[in-house]
Structures are given as structure tokens and as C-alpha cells.
Amino acid sequence: MQIATLPRPELIQMADALAREKDITKSDVLEAMEQGISKAGRSKYGPEYDIRTKIDPNTGAIKMARYLTVVEDVMDEFTQISLTEAHKKNSSLKIGDEIIDILPPMDFGRIAAQTAKQVITQKVREAERMRQYNDMKDKKGEIVNGTVKRVEGGNLILEIGRVEALLRRDELIPRETYRIGDRLRAYVLDVRPELKGPQVFLSRSHPQFLAKLFTAEVPEIYDGTIEIKSVSRDPGSRAKIAVWSKDNTLDARGACIGMRGVRVQAIVQELQGEKIDVIQWSSDPATFIVNALAPNEVLKIVIDEESKNVEIVLSDEQLSIAIGRRGQNIKLVSQLTGWHIDMMTEAQESEHRINETKERVELFMQALDVDDMMAHLLVQEGFSKVEDIAYIALEELASIEGFDEALAEELQNRAKAYLIVAQDNLEKKVQELKLKKDLQSFEGLTLEQLVKLGEKDIKSLDDLADLSGDELVEILGETNITEEDANALIMNAREHWFANEK
């Protein structure tokens, strides 16, 4: 039986008004109305029924229907119908088809109307939140302008269009203050969909805030001619930014600084006077590090690419300047280049080399059971670890003056035997320290590092996740891990926290 549905133009007017007010689509509003009317219908006919509503987007006419699915064996008589019964209605129906029974127009009572209103309000609010989230998620990693709406415990709540965003106190530049109504710029750190609406997190202290400011200020960066390779910051105090030009005729550093420093000064003012060093990037690590230390004159630089450690020798007068107040300059250079840097004077380097040679000689004498002369010879040939000898090509080891293939093979066998014993000892130590399985199976840590963590009472993945980057570097040793790698390791260790929250 076909039941005539009357046009309801007031519904279309209401949908249009809501769509404009909430800045969502008309179809979202109509969908919310359909769900609200369907719920009101179930409250009248029974919550067990599959009742669906369709509103004509042109006339507003409401069509409500009950749906029954054709099945072999009926498990739910309210939403299913057997094939035999279905054939009484229509002989062409088959398993999986749906029978649609049009219901008469509803006379909305007070309770039904209230139910529909609640659902419509909820669905419209959800659509509004989703629209806000979709708008903001595209702004992640960009700079936005906002107005301070509230100040809560030092944290700022900013209004960005129709969305509120959080700028935590520790994401502000030190010593800067804002009041309600102030306008400011900030970097969008993250956007998360939450039940109460999109949660937007901002920062003014993040290194990428500086990078985005340069992108906005320097046209050559915006159009891709100049690339920002890396950034390091001590917010409010000092920063370093490494740039490189695809065009060999263009001075990347000069373009970023601008005529008489006008471009960089505009950014300095935005960052409350933060001093900014613009560095010329180079694919050669030694050149890049020397550039980052300018105007300090480097006398000697020694790079260990395997461990990403760099030793730099400077004059006595320039050492303290290169290190900077409280180690600030050397820390920024290390973050910018991604290398761990040790600085020393010529006298300190000489003493360091003597001690280093002595340690390596003693290691080889003990591990390989050789005399002092042979251990010295191995050190002079550039070997620094037992692993170097164990896994070098046999012919290369045999080519050392005074060596033959038999001696080289014997040394390699001794080196491998030493490493096996050392590995076994580390495994036993890990068991003795009673480290949790989640920490033992965590990727990125060696057995030696696990032992060091266990000795400092870091025995589970949660214990590791609770550490800061500099704490992990202090435990494992600066020669074993960089602060950047330590921070990355800790963030990986925290992933299970976020997974649990979801």
C-alpha cells in the first residue's frame, strides 16, 4: 500500500537555517533529522523494529518505513521474514532482499517530539565537530592565528574561527605573557578527534614554528628554491637554522637574512628577541659542523661515522665560546647536525689520544691474548673494537705487515670466541637483573644497553617511557646514543600508552 506523504517546507527551512548557523552541510542536518524521526518512530511502534526515515530534500516530505530482511530461518521476527512468507507478498523476492512497509505519517506526541529533538541536536553537534576536525586536521604542521579567549593556570585557550585550541604554558616562549583578547601566531602540533570536539594543541617553542616563520618570510623558501634542512632551538634565547639552495648562484644564507638583516629581524621580533644563526648546510658532515660552529675556528675535526661522534679541537681561547653559556651553543650545534660532538683543546686531545690508545691496547691484550707489541700494532692499523677484528675480511687482516693468513685466522677466531662469551655474560646479566619481557623485546636496544638500564633500576617498558632524552643519554653514555636518537627511542616506548588510550 502506497501512503501519500505531504510536503513539509518548514523542515527544509529549518535544515537550511541550522546548516548556516553550524557551518555544516544541509545533507548532514537532514540526515540528523531522519535519524531523530526514526528513533521517535521506534518509540511508538517498538524499539525492536528496523524503522528508517527519508526526507525529500526538495519538499521536506517525510517517508517512514519498516524494513524486513528475507532469510531462510527467522531468528528475529521483528526485523526478518521467512522466504515462504515473503513470497506471499512478492514471488520474485529472494534471500537477502528487503521488504519495505511504508508507515502512516506520525502524529508526534510530546515524548516522540522530544526524542527526535534530542537525536537531531546530538547528530548536528557531531556533524559540527567532524567539520571542525576536518578543517583543523589539514592545518596540522602549519601556523595559525588566534585570539586568547581564556587563561587557565598559565595555559592559553585560543579561539581559531569556531574552534578552541590549547597552548600549554611549556609550549610558550619563556617569559612571554598574554592577556584575554590578545592575538598571536602559533604552530599546530596535533589535532585529535575527541567526543567533546577536536582537540587542537599549539606551540610557539617548537623548532618547526621557527621553520614555518622563515617559510612565510622568505619567498625563496616558500617556492622551494631554498630548503630548510634542520632547526634547533633554545626557545626565547637562541636558535640555529640550516638552509641550502638548489640554485648554485643563490646565496641561501644571505637570502634568509635579507638586506641589512630585515628578514631575520622580523622573525626575531616574533620570537621575543631570540637570537637566530642562519647556517649554510652541506652534505659533507665535517663542513656542515664547521659552518655551524662559525665564527669559531676549528683546528682539527675527527669524525666517526659509525657512532656519529665528532671530536673537534679548538684553541684555548675559543673553546669556552664554542661551548657557550651552560653548553647552549654546542647543544644546539649537536641537535642541528645530528652528531654527538666532543670539544677539546690541543693539550686535551693529546691526553685523550694517549688514554684512548692505552684502553684499546689493554682491551686487545685481554680479549685476544696477545702481547703489548701486537696490541699496539692493531691500534695503529685503526682497529678500535674487538668486533672490527672479528668481522674484517681475512685477507685484509693478513695484509698487515708482519701478519700472515694463519695468524690473521687465529686472531679472528679468538675475537669471535671473546664476543660469544661476552654475549653470554650479557644475557645472564639481563636475566639476573629481572628485566620485564616488554623491555627485553623492545626494538632498538642492545644487550649492553639493557644491562645499563637494569643497573639503574629501569626494568620495564613503562620505566623507559618515563625517562627524558637527556636522562637516557646519561644512563647509556654519550658515546653510545645521541640525544635525538634517545628522544626517538622514548617516543617509541610511549606508543603503547597512546594505543591504550584509544
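D369 counts as exposed, at 61% relative accessibility. This is a predicted model. D369 sits in the loop that runs between α12 (346-368) and α13 (372-380). Its phi is near 55 degrees, a positive value in a residue other than glycine. Most residues other than glycine have a negative phi, and most peptide bonds are trans.

The loop between β7 (163-167) and β8 (183-192) holds R175. R175 has 72% relative accessibility, so it counts as exposed. The peptide-bond exception is at A294 to P295, where the bond is cis and omega is near 10 degrees. P295 is placed in the loop between α9 (285-293) and β13 (300-304).

Strand β11 (residues 238-245) contains S245. S245 has a relative accessibility of 7% and counts as buried because the cut-off is under 20%. Its side chain reaches the backbone oxygen of D247 at 2.8 Å. Not counting residues up to four places away in sequence, S245 touches T225, I226, L250 and A252.

Q328 is in helix α11 (residues 328-337). With a relative accessible area of 17%, Q328 is buried too. The side chain of Q328 makes a polar contact of 2.8 Å with the side chain of D234. Leaving aside neighbours within four places in sequence, Q328 is in contact with D234, S237, R238 and I323.

## Nonpolar cores

In soluble globular proteins, nonpolar side chains tend to be buried together. The largest nonpolar core here has 24 residues. Within this core, the residues with the most contacts are L445, L453, L464, L467 and L472.

Leaving aside neighbours within four places in sequence, L472 is in contact with L453, L464, L467, I481, A486, L489 and I490. A second, separate core has 23 residues, including V218, V268, I276 and V278.

## Helix packing

Two packed helices are described by the angle between their axes and the distance between the axes. Start with α18 and α20. Their axes are 9 Å apart, and the helices pack at an angle of about 105 degrees. That makes α18 roughly perpendicular to α20, because angles of 65 to 115 degrees fall in that class. On the α18 side, Q449, K452 and L453 take part; they meet L472, I475 and L476 in α20. L453 and L472 are also among the residues with the most contacts inside the largest core.

Helix α1 (residues 9-22) and helix α2 (residues 26-45) form another pair. Their axes come within 8 Å and cross at roughly 125 degrees. α1 is therefore oblique to α2. The crossing of α1 past α2 is right-handed. From α1, the residues in contact are L11, I12, M14, A15, D16, L18 and A19. From α2, they are K26, V29, L30 and M33.

A further pair is α12 and helix α16 (residues 405-432). They pack at an angle of about 90 degrees, and their axes are 9 Å apart. The two helices are therefore roughly perpendicular to each other. L363, A367 and L368 of α12 make the contact with L411, R414, A415 and Y418 of α16.

## Around Y391

Which helix holds Y391? Y391 lies in helix α14 (residues 386-391). Y391 is exposed, with a relative accessible area of 60%. Leaving aside neighbours within four places in sequence, Y391 is in contact with Q412 and L419.

How far apart are Y391 and A415 in sequence and in space? They are 24 residues apart in sequence, and their C-alpha atoms are 8.9 Å apart. A415 is also one of the α16 residues that contact α12.

Definitions and conventions:
Residues numbered from 1 in each chain as written. Predicted model: local features only at pLDDT ≥ 70, side-chain atom pairs only at ≥ 80, totals over all residues. Heavy atoms only, no water. Helix = DSSP H or I, 4+ residues; strand = E, 2+ residues; numbered from the N terminus. Buried < 20%, exposed > 50% of the residue type's maximum accessible area, 1.4 Å probe, protein only. Polar contact = N/O pair within 3.5 Å; in protein donor to acceptor, adjacent residues only side chain to side chain. Contact = heavy atoms within 4.5 Å. Core = buried A, V, L, I, M, F, W, Y, C linked by side-chain atoms within 4.5 Å. Axes fitted to C-alpha atoms, helices over the stretch in contact; angles between N-to-C directions. Parallel < 35°, antiparallel > 145°, perpendicular 65-115°, else oblique. Left-handed = near helix turned anticlockwise from the far one by under 90°.
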